[in-house]
Amino acid sequence: MDDSWLRSWCWRLMHGLQILRGTKRYAPFSGGVERYVHDLAVAQVARGHRVRVLTIDHDVLSRTSSRLPAEETIEGVRIRRVRASGGPRKQLLAEWPLGVLRQLRWSEVIHHQNPRFLFETVLLARLAIRRPVVFHTHGMIVHTPRYYPA
């Protein structure tokens, strides 16, 4: 049996994975998911992993239209912000998807935080680039009253 893939993953775990985290809001914005993603990313960088965050270039919960820098590094975490349109519930990519695909291709594992942000893009890209994807809803469906049992 060929166990080269297992040796490869063990080496990566010891020497650092390339992890991409997708979330609709990230620093400097604050909130539970934002704090969770940031703390996890910073801890992984401290352990030797290379971590990037893919997020939106403006605050979807604010009425201001000010945009954040397209690229930035905070505490060792590289941030790539994309243009998106939509309201606080659902955002769609509003730029050519090549930059997003480049980020997805760079990663060895994708941890996606919100199915309302680039969900379809990540799913389609996963088929093409064959990367493991972890989807994390942070209780979004459980906390939505219309999904409670009667």
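Contact here means heavy atoms within 4.5 Å. The model is predicted.

## Nonpolar cores

Ile 110 also belongs to the largest nonpolar core, which has 15 residues. Along with Leu 54, Val 100, Leu 104, Leu 118 and Val 122, Ile 110 touches the most other members. Three elements each supply at least two residues of this core: β2 (50-56), α3 (98-106) and α4 (119-129). The most comes from α4, with three residues.

A second core is separate and has twelve residues. Among them are Val 37, Val 51, Val 77 and Val 109. In soluble globular proteins, nonpolar side chains tend to be buried together.

## The sheet

Six strands form an open sheet with mixed pairing. Their order is β3-β4-β2-β1-β7-β8. The edges are β3 (71-74) and β8 (133-135). Each has a single partner strand, so one side of each is left without a neighbour in the sheet. On average, neighbouring strands are turned by 20° against each other, direction ignored.

Inside the sheet, β2 pairs with β4 (residues 77-82) in the parallel sense, over five bridges. Ile 56 stands opposite Val 82 in β4.

## Helices on the sheet

Helix α2 (residues 32-46) lies across β1 (18-22), β2, β3, β4 and β7 (109-112). It runs at about 170° to β1. Helix α4 also packs on the sheet, where it touches β7 and β8. The direction of α4 makes about 155° with that of β8.

Conventions. Residues are numbered from 1 along each chain as its sequence is written. This is a predicted model: local features need pLDDT of at least 70, side-chain atom pairs count only at pLDDT 80 or more; totals for chains, interfaces and linings use all residues. Side-chain values use heavy atoms; hydrogens and water are left out. A nonpolar core is a set of buried Ala, Val, Leu, Ile, Met, Phe, Trp, Tyr and Cys residues joined through side-chain atoms within 4.5 Å. Buried means under 20% relative accessible area, exposed over 50%, partly exposed in between (1.4 Å probe, protein chains only). Helices (H or I, at least four residues) and strands (E, at least two) are DSSP runs, numbered from the N terminus. Two strands pair if DSSP finds at least two bridges between them. Axes are lines fitted to C-alpha atoms, for helices over the stretch in contact, and angles run from 0 to 180 degrees between N-to-C directions.
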